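Welcome to this short tour. Open your viewer, and get ready to select residues as we go.

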Amino acid sequence: MTTELYWLTLTALMTALFWMPYVLNRMVVSGLGGTIAGTTPGSGGHSAWANRAINAHYNAIENLAIFAPIVLTAHVLGISNATTKAAVVIYFFARLTHFVVYSAGIPAARTLAFTAGWLAQIAIIASILRWV
């Protein structure tokens with residue numbers, strides 16, 4: 001497995017786990033019965049940080065829909081270089097940071113983390129298009 005595919009897999013796993021904190025919060029706020037009753041994330045019954053975590057999770061999913069295809073495209077084309085290897089690691093930690101600071105309600109850090117992830121995506125695209 002290439003470095004890029006490894007970090008794509010970790011990023012997908014991380015994104016798949018982002019629901020856990022806000023569901024645990026729902027259990028605390030609504031009880032197990034209220035959680036199992038099938039309420040949707042946007043239906044209320046969450047702490048403010050948990051509502052932000054829901055939005056951060058949605059944002060992570062939206063960005064994974066961009067990140068995964070560009071990593072897979074680079075892999076299929078046999079593009080693996082220092083830029084793509086660094087970019088996938090930066091993307092992972094940028095998205096983790098984004099989730100944490102978004103959930104905590106720290107707007108400036110949230111914007112910086114989002115931007116770092118976006119720049120990592122652009123770096124991979126630049127490698128695919130042979131701009132770097």
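Begin with Tyr-6: with a relative accessible area of 42%, this residue is partly exposed. Here buried means under 20% relative accessible area, exposed over 50%, and partly exposed in between, using a 1.4 Å probe and protein chains only.

A word on what you are looking at: this is a predicted model, in which local features need pLDDT of at least 70 and side-chain atom pairs count only at pLDDT 80 or more, while totals for chains, interfaces and linings use all residues. Residues are numbered from 1 along each chain as its sequence is written, and side-chain values use heavy atoms, leaving out hydrogens and water.

Trp-7 is buried, at a relative accessible area of 16%. Rings of Phe, Tyr and Trp (its six-membered ring) pair if their centres lie within 6.5 Å; planes under 30 degrees apart count as stacked, over 60 as edge-to-face and the rest as tilted. By this rule there are six aromatic pairs. Tyr-6 and Trp-7 make an edge-to-face pair, because their ring centres are 5.7 Å apart and their planes stand at 90 degrees. Select Phe-92 and Phe-93 too, and you have a cluster in which ring pairs link them with Tyr-6 and Trp-7.

Next, select Phe-67 and Tyr-91. How are their rings arranged: stacked or edge-to-face? They are stacked, 3.8 Å centre to centre with 10 degrees between the planes. Phe-67 belongs to helix H3 and Tyr-91 to helix H4 (residues 82-104), so this pair ties together parts 24 residues apart in sequence. Helices are DSSP runs (H or I, at least four residues), and they are numbered from the N terminus. Both residues count as buried, Phe-67 at 0% relative accessibility and Tyr-91 at 1%.

Stay with H3 and select residues 48-76. The expected span of a helix is 1.5 Å times one less than its number of residues. For the 29 residues of H3 that gives 42 Å, which agrees with the 42 Å between its end C-alpha atoms. Look for a kink of about 30 degrees centred on Leu-64; the bend at a residue is the angle between axes fitted to the seven residues ending there and the seven starting there. Just after H3, Gly-78 has a positive phi of about 75 degrees.

For the last stop, pick Thr-15 in helix H1 (residues 3-17). Thr-15 is buried, at 6% relative accessibility. Beyond its neighbours within four places in sequence, Thr-15 is in contact (heavy atoms within 4.5 Å) with His-57, Ala-60, Ile-61 and Leu-64.

Notes:
Helices (H or I, at least four residues) and strands (E, at least two) are DSSP runs, numbered from the N terminus.
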